[in-house]
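Here are a few exercises to work through with the model open in your viewer. Try each task before you read its solution.

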Amino acid sequence: MDRLQLLFAHPLDEPPYNLLRYKRTDAQGVHLYDVYALDGRHLGEGGALKAIQLAHREHPGKCWYCDTGIPISSVHRDHVKPRASKGGNDLHNIVIACPKHNCAKSNMPIAAFDAHGATKYLDVLHDHLSRVARAHQR
Ligand SMILES: [Zn+2]
């Protein structure tokens, strides 16, 4: 994985998150991703929200908050930093959640909603940034 791919990769290195490959940034500054199945098939492309949904359709993931498997039909994409607090549709700001937890979290910051979920997210973000830093030292 080259440095740009690594930098723009989701901090979580597991399906469905790691099925996305940064493709390019469009004229509006939106990062676009190609989505690949684990067997290498190209599933589609899009911005982070669409790409995560495409990936989840192929390899359903678990709710970030309760660790329950989420059916394809009811996946919610949760903004770690809420849209209401100017949290963007950047890949690093999105995790998948069950409808119950995404609706309960609503516009709350992750730390106010679920301290365990917040700590878990900061840990994976720290690991991700450490990998990026190491790659840039090479
Ligand atoms: Zn949940």
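**Exercise 1. Work out where R83 sits and whether it is buried or exposed.**

Step 1: R83 falls in the loop between β4 (76-79) and β5 (94-97). Helices and strands here are DSSP runs (H or I, at least four residues, for helices; E, at least two, for strands), numbered from the N terminus.

Step 2: Count neighbours, with C-beta atoms placed from the backbone: 20 or more others within 10 Å means buried, 12 or fewer exposed, and in between partly exposed. R83 is exposed because it has 11 other C-beta atoms within 10 Å.

Step 3: M108 is 25 residues from R83 in sequence, and their C-alpha atoms are 9.6 Å apart in space.

A word on ground rules: residues are numbered from 1 along each chain as its sequence is written. The model is predicted, so local features need pLDDT of at least 70 and side-chain atom pairs count only at pLDDT 80 or more, while totals for chains, interfaces and linings use all residues.

**Exercise 2. Say which residues of α2 are buried and what they pack against.**

Step 1: The buried ones in α2 are A48, A51, I52, L54, A55 and H56.

Step 2: They pack against β1, β2, β3, β4 and β5.

**Exercise 3. Describe β5 and its partner strand.**

Step 1: β4 and β5 run antiparallel and are joined by four bridges. R77 stands opposite I96 in β5.

Step 2: From β5, I94 and I96 point one way while V95 and A97 point the other, yet all are buried.

Step 3: Skip neighbours within four places in sequence, and A97 is in contact with C63, W64, Y65, H76, D78 and N102.

**Exercise 4. Find the largest nonpolar core and its main supplier.**

Step 1: A nonpolar core is a set of buried Ala, Val, Leu, Ile, Met, Phe, Trp, Tyr and Cys residues joined through C-beta atoms within 7 Å. The largest has 26 residues, and L20, V35, A51, A55, C63, I96 and A97 have the most contacts inside it.

Step 2: β1, β2, α2 and β5 each supply at least two residues of this core, and the largest share, five residues, comes from α2.

**Exercise 5. Summarise the whole protein chain.**

Step 1: The chain has five helices and five strands, in the pattern α-β-β-β-α-β-β-α-α-α.

Step 2: Of its 138 residues, 28% count as buried.

Technical notes:
Contact = placed C-beta atoms within 7 Å. Pairing = 2+ DSSP bridges.
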